[in-house]
Amino acid sequence: MTDAGRHPNIKLLTLSEIIDVKGYVGNFEVKILKKARYVSEKECTACGECARVCPVVRPDEFNSGLSSRRAIHSPFPQAVPAAYLININECLGHNPVVCAKCAEVCEKKCINFHMSDEEVVESVGAIVVATGVEAYDPTELDEYGYTRHENVLSSLEFERLVSAGGPSGGELIRPSDRKLPKSIGFVQCVGSRSARKGASYCSNICCMNTIKSTLVLKEHHPEIEIKVFYIDIRAFGKGFEDLYTKSRSLGVQFIRGLPGSVVESADKGLRVAVDNGASGKIVFHDLDMLVLAVGLKPAKTTKRLQEMLGLQLTPDGFFLEAHPKLLPVDAATRGIFFAGCAEGPKDIKDSVTQGSAASARVARLLHRGEMLSEPITAEVEAEKCKFCGRCVEVCPYGAISLDVKRKLPAAVNPAACAGCGTCAAECPFDAIVMNHFTDRQIMGQVENALTPAADKRVLVFACNWCSYAGADYAGVSRLQYPPSIRLVRTMCSGRVDESFIWEGFARGAPVILVSGCHIGDCHYIDANKWTVKRVEKIRKKMEKLGIRPERLRLEWVSAAEGIRFASLMGEMDRLRREVTPEEIAQTVRLLAKAPKENPEA
Amino acid sequence: MKKNSTNDGAPRIGVYVCHCGLNIAGTVDCPKVSAEVSALENVVHARDIQYACSEPGQQAITKDIVELGLDRIVIASCSPRLHEPTFRQMLERAGLNAFVLEMANLREQCSWVHMKEPGEATAKAVDLVRMAVARASRLEPLQSRKISLNKRTLVIGGGIAGIQAALDLADNGYEVVLVEKSPSIGGNMARLDKTFPTMDCSI
């Protein structure tokens, strides 16, 4: 930690949050809100005089509220930076009449009540997302009595309780009477592996964390009786099984089955009822203290950051990597990488491994100082441009410029263009070519998807990042669906031109599905909002023409929703069967009469 | 290079239908697919192949590109999300532009999802390759351009993973901005007393 604080190449911004990210690989511009500390980071020597005179006493968050701190405080003794800070909401104020005691005693004069939050803009080439996890709050698991019984603790609280730097100086005491407990129980999988409350996934670290705690306890207090209530013990890592074996050999009892209830006795002891899986009987265990081995859940900041950076999440709320085996620390967006628990629960060793991996991936990307651009970008055919400005309006990246006054046609900045193709789909004059996903290329696919037996086919447009990946995931999961599906890949659902849909129906498609990333998850910031508008517009035109609008569907499928993709394909096939040959023939006739681009005109 | 630009004449497409061991061939009749598509317009050469992505597979395709003067390649195998970069590199090594490649997804989106309907899966595979051939005949070579990269890196989160990433980068000579929302770095790890498997303290 201190190394990171001192390193000449590291600029450390604490009390800081990302508020905006613009740009693309190699050229990100990041806006950071640096909150005021009210104590000069440079000047403060962490002498602590200020805290001694501060009259405001509050629970210490670092010690899970088991001890107290002042309004001006150091987060913990080894904090980096070591400087103190003021929680300004708790502080009585800088008016000498009211308080300002800390400022009076500070010899270095590093306390400044007028410090204000500042916005910092940083230009960077790559981003490593290492936002970590939060511990599960066991309040909702009422049966364990976490909120009712003083001697029921979360594993993180217990961690502070036995820490030498903790509230009791490392002395193991029971919260209710501050005496050494004679017996301690640990409950595993609190908030993990449950279909009912908390998360369904395994939080990875809790088994080993409990085993570690039993070993620490046995080392200092061999006489304490320890019982661990568990579903399975997962000691899969290097050296883990040895620790588990050692714990058992020291007399720690591992009892299969989780408590159904925890009742407090008059002396604040706890009676824990556990269903013995082997005998089928309820067994009661009397314990002085109970520790809930809480699981891990995604950090609260995950969702906001995901939206800002245009990333994807797995259904359990962690960041989705570009490939689970081959690109475990890359995001699907170029220039963004993951490290640690942001990508899923993991222990310290794995977090460190990922941190190093992410740094190697960054170096691999940046070391030359230049890279080849993705040539899949949009291009304007200047002579067709009518200066309407529609492309400028829909481009999520501000990559298109146009000067109406001087009659300069639209132009795409290829470095800023990410290649979603929304502009090409929206241009009313067909003046924009989306390279590698041109109208001609896609029309060729549509034609062949619907030949020779269009009525037996379901035409599906799927975006590369979410829906196409979701289709792949259905395949990887071996989920079976009807073989009538013919899928056309575009980079973004925003590329699906109105003319593709009319072409499909004109060639006899019974039903057409447009699919993309969920709103808010679009790989191209928010290009899919134009997909929504476009599909709605086409549906209205279909209705006017006398074509059932239900035959055109728009659905969002994420990269992780293989099951949803497969069931959606089943549904589309059922819809296809409902469309009669007469209905198809009538549609084909209607569209043959109407002009292609704008059939209702 | 002539092969890098669109030929004056009709496209010369090579189609390769990959068995992927039994992943595709277990359901889809690969020789039948390649036989059916060989008659398509612009298809100069079509064959099935054991593992297109393997070294011998890539060598065989490269050899065809050179000897038969192929200028568009259709690989009917797994998802392009997996091996598109592999085959693009292969094309470049063979002297073609990386973007005259089209993949038909016969594995994730055909053989694996229609495992009980080999006849239907084979028919669908033919369709998918036909769609790919149609697209391939209209593909144009594309050129990348150089973009400059800022060598600074932003690390969001000062827990153990973020610290490690920042230190490794910094030690390698890269400038790092390490952003942490709380007043100190250290994250959850700093709150732990002892850590497994070494049983030492966390800070």
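Guide: Pro197(B) lies in the loop between strand E8 (194-195) and strand E9 (200-201) of chain B, where helices (H or I, at least four residues) and strands (E, at least two) are DSSP runs numbered from the N terminus. The model is a predicted one, in which local features need pLDDT of at least 70 and side-chain atom pairs count only at pLDDT 80 or more, while totals for chains, interfaces and linings use all residues. Residues are numbered from 1 along each chain as its sequence is written, chains are lettered from A and ligands numbered from 1 in the order in which they are written, and side-chain values use heavy atoms, with hydrogens and water left out.

Visitor: What is found at the peptide bond from Phe196(B) to Pro197(B)?

Guide: The bond from Phe196(B) to Pro197(B) is cis, and its omega is near 0°. Another cis bond runs from Thr451(A) to Pro452(A), with omega near 5°, and Pro452(A) sits in the loop between helix H11 (439-449) and strand E26 (458-463) of chain A. Most residues other than glycine have a negative phi, and most peptide bonds are trans.

Visitor: What is the phi of Leu15(A), and why is Leu15(A) called buried?

Guide: Phi of Leu15(A) is near 50°, a positive value in a residue other than glycine, and the residue belongs to the loop between strand E1 (10-13) and strand E2 (16-24) of chain A. Buried means under 20% relative accessible area, exposed over 50%, and partly exposed in between (1.4 Å probe, protein chains only), so Leu15(A), with 12%, counts as buried.

Visitor: What makes Arg478(A) partly exposed?

Guide: The relative accessible area of Arg478(A) is 34%, a value that falls in the in-between range, and the residue is therefore called partly exposed. Arg478(A) also has a positive phi of about 55° although it is not a glycine, and its place is the loop between helix H12 (467-476) and strand E27 (485-490) of chain A.

Visitor: Why does Tyr244(A) count as buried?

Guide: Tyr244(A) has 10% relative accessibility, which is also under the limit, and so it counts as buried. It lies in helix H6 (residues 240-249) of chain A, and, leaving aside its neighbours within four places in sequence, it is in contact with Ile211(A), Ile233(A), Ala235(A) and Phe254(A). Of these, Ile233(A) is 11 residues apart from Tyr244(A) in sequence and 8.7 Å apart in space, C-alpha to C-alpha.

Visitor: Why can the buried residues of helix H1(B) be said to line one face?

Guide: The buried residues of helix H1 (residues 30-37) of chain B are Cys30(B), Val33(B), Ser34(B) and Val37(B). Seen down the axis of H1(B), they fall within an arc of 95° (taken from the directions from the helix axis to the C-beta atoms), so they line one face of the helix. An α-helix has 3.6 residues a turn, so residues three or four places apart point the same way. The buried residues of H1(B) pack against strand E1 (13-18), strand E2 (43-49) and helix H5 (118-137) of chain B.

Visitor: Why are helices H13(A) and H16(A) called oblique to each other?

Guide: The axes of H13 (residues 498-506) and H16 (residues 581-593) of chain A come within 8 Å and cross at roughly 125°, with axes being lines fitted to C-alpha atoms, for helices over the stretch in contact, and angles running from 0 to 180 degrees between N-to-C directions. Angles under 35 degrees count as roughly parallel, over 145 as roughly antiparallel, 65 to 115 as roughly perpendicular and the rest as oblique, and H13(A) and H16(A) are therefore oblique. Trp502(A), Phe505(A) and Ala506(A) of H13(A) make the contact with Thr587(A), Val588(A) and Leu591(A) of H16(A).

Visitor: How do you know the relation of H4(A) to H5(A)?

Guide: Helix H4 (residues 155-162) and helix H5 (residues 206-220) of chain A pack at an angle of about 30°, with their axes 12 Å apart. That angle is under the limit for parallel, which makes H4(A) roughly parallel to H5(A).

Key:
Contact = heavy atoms within 4.5 Å.
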